[in-house]
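Please find below a colleague's note on the model under review.

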Amino acid sequence: MGDAKDGRTGHVAGIGLLTLVLLWPALWSGAPTAFLDTVNYYASGGGAVGFFLDRTGLDGLLGGSTPGEGAGPAGEGGGQSDGVATDVRSVPYSVFVNVAMRVVGPMATVVPMALVTAWLIWLMAAPLRPSVRFAVGTGSALATTMPFYAAQIMPDIQAAWLIAIPLVVMRRDGRLGPALSAALLLAAVAAILVHYSHIPLAAATGTILGVWFLARRRPGAALVAQLPLVVAVAINLAMSVVIAGTGGGGGSPGSGGPAAEESGGLSVVPGRVPVLLARLFEDGAAIRYLTETCPENGFAICEVYDDGFPDTSREVLWGEDNVRSLATPAQMRRVTAEEMALAREVILYAPLAQIRAMARNTGDQFLRIGFSEMRLAGYEILGPLRVRLDLRRAPSWLMQGLERVQAVSVSLSALALLALAWRVPALRAPVVLLAAGLLANAFVCGALSAPAGRYQGRIVWLVVTLALVCAPQWSIRRSVPPVRT
């Protein structure tokens, strides 16, 4: 009994210490790291909280929430930035950020994220003893930029959970107790809900895990592996009804903008911005197709841009004449509803050109693991919908040095994993899942959005972690003499 208790204490202490290691950028700079979108998550959450409190008569609970509050969108560069939501974000994550910052402070938003990440690393490293698990996690933290994502007020580190969780399952040969299974399912649902791009990523890794279970003749477990995605999609569908039901409400319910009117009703990604449309424009084939077929094709985007189409995704989403500023609420509903239909028509119109563009963007994203967009920040809460960020770059020597170390460590780890998978058959499935997760993330973020260093940087640390976790199996394999017959 005493030994078991001491063992649990060692694991709890180790996970706690590893959480602090993952938070070192925030502890060093005095506050969580940030991205320009951080203010939008806070403001969207404030709108959703205000909507809920207003509907329940508890509007004074958090000091009030003024739907019309705010002075404009987030800034673009370094220095100070203050703003309100410019579009609907993930409602659950936005609410979490807003409430945590207002009730406790900025650090309250990142400590749970770092804790779950440390816990998943700990589970991946089983059955190694606690001191070795801590060394694995610390090694990953020092050899990659992962701590900057774990310490960031953005839904980035959670993308890695959707790869780490299946890796934990595979590492344990799919044999999990009820408590651990429930905890992993809950973490997976949370990871999917925090960002819409995590939905296809979860579909990819969940499918691979399901196939892995089927190969072991465990169809029940294969179905359970799809449960987080089903639950998250159901929650998003329910939220889309609420957002659409706010009538003239705001970016998230009650935030004071047009996005609720733009949400288009029942949707897996409620109130989304037309990121795929913007990507199609920048790839070029969509502009050629629309130029030749508008307005006869019936797409609403032809009505919005009747004088010519923008040729970059940034212009479509954030430029002076962005689609949301030009379109009426009714047009915006149609634009977002027609994205997939337009993508299908563009592919049929110029299949090779569009497929080449998507492949190029996927490859670009797969190899892009920098974090130049990351900022150190100071935070000043100005109200339920407003937070000012004092943005500043980390020292260039630190950022460039970490990027170089990460490039070397990821490259060596990838080679080591390939060699291990060749020698140890039991490691092949985890390595395939990791590679598929990296590729799926690159496709979702690169081909369907726009390549950016942080998208791949938020998950690439898993290559180093898995290599460190599996390294002992190399020596074990070498130490076993061959069986002679």
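1. The structure is a predicted model. The remarks that follow should be read accordingly.

2. The structure contains 10 salt bridges. One of them pairs the side chains of arginine 216 and aspartate 173, with an N to O distance of 3.6 Å. Arginine 216 sits in the loop between helix 10 (198-215) and helix 11 (219-224), and aspartate 173 in the loop between helix 8 (157-171) and helix 9, so the pair ties together parts that are 43 residues apart in sequence. Both partners are partly exposed: the relative accessible area is 38% for arginine 216 and 34% for aspartate 173.

3. Arginine 217 is exposed, with a relative accessible area of 78%. As background, most residues other than glycine have a negative phi.

4. Aspartate 283 and arginine 279 form a salt bridge through their side chains, at 3.1 Å from N to O. The two residues belong to helix 14 (residues 275-283) and are four residues apart, about one turn of the helix. Aspartate 283 and arginine 279 are both buried. A further salt bridge links glutamate 338 to arginine 334, whose closest N and O atoms are 3.8 Å apart; arginine 334 is partly exposed, at 30% relative accessible area.

5. A salt-bridge network. Asp156, Arg454 and Arg458 are connected in a network of salt bridges. Arginine 454 is located in helix 24 (residues 453-479). Is arginine 454 buried or exposed? Its relative accessibility is 8%, under the 20% limit, and therefore arginine 454 counts as buried. Leaving aside residues up to four places away in sequence, arginine 454 touches Phe35, Tyr149, Met154, Asp156, Gly370 and Glu373.

6. The disulfide and other cysteines. The count of disulfides is one. The bond joins cysteine 294 to cysteine 302, with an S to S distance of 1.7 Å. The link of cysteine 294 and cysteine 302 is left-handed, with -55° about the S-S bond. Cysteine 302 is buried, at 8% relative accessibility. Also buried are cysteine 445, with a relative accessible area of 3%, and cysteine 470, with 1%.

7. Cis peptide bonds. Which residue is joined to cysteine 294 by a cis peptide bond? The partner is proline 295, and omega is about -5°. Proline 295 is placed in the loop between helix 15 (285-293) and helix 16 (300-304). Another cis peptide bond joins alanine 126 and proline 127, with omega about 10°; proline 127 lies in the loop between helix 5 (107-124) and helix 6 (130-143). As background, most peptide bonds are trans.

8. Helix 9. At 1.5 Å a residue, the 16 residues of helix 9 (residues 178-193) should span 22 Å, and the end C-alpha atoms are 23 Å apart, which agrees. The buried residues of helix 9 include Leu180, Leu184, Ala187, Ala188, Val189, Ala191, Ile192 and Leu193.

Terms used:
Residues are numbered from 1 along each chain as its sequence is written. This is a predicted model: local features need pLDDT of at least 70, side-chain atom pairs count only at pLDDT 80 or more; totals for chains, interfaces and linings use all residues. Side-chain values use heavy atoms; hydrogens and water are left out. The expected span of a helix is 1.5 Å times one less than its number of residues. Buried means under 20% relative accessible area, exposed over 50%, partly exposed in between (1.4 Å probe, protein chains only). A salt bridge is a side-chain nitrogen of Lys or Arg within 4 Å of a carboxyl oxygen of Asp or Glu. A disulfide is a pair of cysteine sulfur atoms within 2.5 Å. Contact means heavy atoms within 4.5 Å.
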